[in-house]
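Student: I would like a close look at one part of this model. Please take me through it step by step.

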Amino acid sequence: MVAIGRCVIKLAKSALTVLLLALLVSPGVRGDGLTFPAYFIFGDSLVDVGNNNYITTVARANSLPFGIDFPSGPTGRFTNGRTVPDVLCEKLSLPFPPPYLAPTTRGAAVLQGVNYASAAAGIDRLTGYNFIGRVDFSTQISWFNNTINELNQQIGQLETQQLLKSSLFSITLGANDYVNNYILKDSPASIYTPSQFLDILITEFESQLLTLNMLGARIISITSIGPIGCIPAVLARRSQNGECSEYVNNLALDFNTELQRLLTKLTTQNSGSIFIYQDGFTSVFDYISNPQKYGFKFGSTACCGAGRFNGNVLCLPIIKPCPDRDDYVFWDCYHPSDAANVLIGNQVYDNLQRILAN
Ligand SMILES: *[C@@H]1O[C@H](CO)[C@@H](O)[C@H](O)[C@H]1NC(C)=O
């Protein structure tokens with residue numbers, strides 16, 4: 001009796017889920033804007049929302065002053081407020097996808113997407129070794145594979161693949177492969193020339209993106225590396241008067257050129273899939289170079305930190321952040337402020353709409 005009762009409840013529950021899903025799975029453009037039934041996020045500290053809270057690492061942001069302007073306070077986000085995907089979710093009317101490692105990210109909580117990002121992570125498995133714990137892209141993909149199993153159990157394999165097909169996927173990686181790997185003095189990667197290392201990264205990235213595609217991702221948005229030669233952490237070590245490191249920016253620009261070529265190739269070779277290139281360099285470089293144009297007062301100096309450009313020391317609980325966070329492009333020595341993320345998020349949204357609307 002009990003068993004039958006349970007079974008009926010379970011059936012009713014899954015019928016409801018299917019119904020809910022049928023309503024949710026309506027991708028594409030809806031009058032005023034884009035809609036996706038779910039959003040799956042991969043990446044580094046630019047988009048981590050708390051996965052690193054659950055691993056042993058130095059790269060962690062779950063205490064003040066991080067999150068000082070986020071409604072629920074510190075969460076593990078590496079900024080004062082919202083990340084770029086947060087801004088995107090607001091525009092897409094989606095909930096913020098929960099961090100994969102949170103114990104509550106189970107069952108129905110994964111139906112509208114999951115965030116797998118880990119601060120200090122990169123494309124290369126060794127990237128971020130200087131921060132001890134971090135989860136590389138390949139492992140993030142294997143976590144996504146676990147989510148697929150969980151979805152299969154809840155809504156069935158067919159519905160799961162339908163859901164994934166119309167869902168948004170975003171990947172924000174690559175900056176750490178240079179900043180927290182290649183350009184470090186003691187990096188094992190420093191034996192390579194820049195072009196050899198670039199080849200290694202692009203080859204690895206291609207195989208990872210194909211795995212994600214094979215698992216069911218179809219709409220994949222990839223952010224290029226930002227102007228890492230201009231971030232306060234790099235300025236503190238390599239700049240005399242605030243001028244960006246051309247050497248470091250060129251590493252990013254060369255990567256971005258190859259990335260764009262790769263994404264065009266992948267889109268051509270995999271019909272029914274789109275690998276969207278999001279330029280993360282050009283506009284952010286302009287915010288830094290011409291802060292006043294965008295309503296900022298400071299382009300190169302971080303709001304929270306210490307040393308030159310506030311770039312020598314990470315934002316820490318003992319450090320008092322600047323009072324007017326919106327005046328700064330950079331929250332800390334690596335990460336944009338909430339105000340900068342709003343500008344970037346709006347740009348990503350407009351780009352997605354332009355590309356997916358036709
Ligand atoms: C995904 O998980 C299945 C088992 O559920 C396994 O057979 C497969 O190799 C995994 N694929 C990847 C890419 O991890």
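Student: By class, how many nonpolar, polar and charged residues does the shell around the ligand have?

Tutor: Keep in mind that this is a predicted model. The shell around the ligand has four polar residues, with no nonpolar and no charged ones. Here are their names: Ser142, Asn145, Asn149 and Thr211. Now look at where they come from. Helix α3, residues 137-155, gives three residues, the largest share of the shell.

Next, move to helix α4, which covers residues 157-166. Gln157 is found in this helix. Now compare Gln157 with Thr267. The two are 110 residues apart in sequence. In space, their C-alpha atoms are 25 Å apart.

Then turn to the sheet. Strands of a sheet pair through backbone hydrogen bonds, either parallel or antiparallel. Here four strands form an open sheet, and the pairing is parallel. Read the order as β3-β4-β5-β6. The edge strands are β3 (39-43) and β6 (274-278), and each pairs on one side only. From one strand to the next, the twist averages 20 degrees.

Finally, zoom in on one pair. Strand β4 spans residues 168-172, and five bridges join it to β3. These two strands run parallel. Find Gly43 there: opposite it stands Thr172 in β4.

Methods
Residues numbered from 1 in each chain as written. Predicted model: local features only at pLDDT ≥ 70, side-chain atom pairs only at ≥ 80, totals over all residues. Near = placed C-beta within 6 Å. Nonpolar A, V, L, I, M, F, W, Y, C, P; charged D, E, K, R; others polar. Pairing = 2+ DSSP bridges. Axes fitted to C-alpha atoms, helices over the stretch in contact; angles between N-to-C directions.
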